[in-house]
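Student: I'd like to go through this structure, starting with its charged side chains. Can you set out the terms as we go?

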Amino acid sequence: HVGRALRVPQRDRLARAYNRLCAKLARAGAPREPHLGPHAYAAVVASRRPDLAEAARELLHRYAELRYGVQGADAPGTNDIAAFERDVARLHVRRTS
């Protein structure tokens, strides 16, 4: 319609949680380059912050599975995404000096 304000689409919950995870890891000294996917980013985090390697790998691999994994009837549901959001919120990282 003419005159209707354009709405900027909001990112979905999973994308917002992934962005929060990436921001936490960046503050911890392991920023994500735009060309890195979640698996490659996990390797970067492991090399820069070995103390975060296991937690970051698990969360980044879960994100990849939720985002790019199974489609259809077995696709991740709201509970899976909510669990991912909670686990991202629970990740506490120390900033690097």
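Tutor: A salt bridge here is a side-chain nitrogen of Lys or Arg within 4 Å of a carboxyl oxygen of Asp or Glu. The model is predicted, so local features need pLDDT of at least 70 and side-chain atom pairs count only at pLDDT 80 or more, while totals for chains, interfaces and linings use all residues. Residues are numbered from 1 along each chain as its sequence is written, and side-chain values use heavy atoms, with hydrogens and water left out.

Student: How many salt bridges does a search of the whole structure find?

Tutor: The search finds 7.

Student: Which side chain meets Arg49 in a salt bridge?

Tutor: Asp51 does, with an N to O distance of 2.7 Å.

Student: Is Arg49 buried or exposed?

Tutor: Arg49 counts as buried, at 7% relative accessibility. The cut-offs are under 20% relative accessible area for buried, over 50% for exposed, and partly exposed in between, with a 1.4 Å probe and protein chains only. Asp51 counts as partly exposed, at 49%.

Student: What about Arg94 and Asp51, how far apart are the closest N and O atoms?

Tutor: They are 3.5 Å apart, and Arg94 forms a salt bridge with Asp51. Arg94 lies in the segment after helix 4 (78–90) and Asp51 in the loop between helix 2 (38–48) and helix 3 (53–68), so the pair ties together parts that are 43 residues apart in sequence. Helices are DSSP runs of H or I with at least four residues, strands are runs of E with at least two, and both are numbered from the N terminus. Arg94 itself counts as exposed, at 58% relative accessibility.

Student: Which residues are linked with them in a network of salt bridges?

Tutor: The network links Glu58, Arg62, Asp87 and Arg90.

Student: New topic. What does the secondary structure come to?

Tutor: The chain has 4 helices and 0 strands, running α-α-α-α from the N terminus.

Student: How do the axes of helix 1 and helix 2 cross?

Tutor: The axes of helix 1 (residues 13–27) and helix 2 come within 12 Å and cross at roughly 20 degrees. Axes are lines fitted to C-alpha atoms, for helices over the stretch in contact, with angles from 0 to 180 degrees between N-to-C directions. Helix 1 and helix 2 are therefore roughly parallel to each other, the class for angles under 35 degrees; over 145 is roughly antiparallel, 65 to 115 roughly perpendicular and the rest oblique. The contact (heavy atoms within 4.5 Å) is made by Tyr18, Cys22, Leu25 and Ala26 of helix 1 and Pro38, Tyr41 and Val45 of helix 2.

Student: And Glu85, which residues does that one touch?

Tutor: Glu85 touches Arg13, Ala17 and Arg20, not counting residues up to four places away in sequence. Glu85 is found in helix 4 and is buried, with a relative accessible area of 18%.

Student: What share of the chain is buried?

Tutor: Buried residues make up 33% of the 97 residues.
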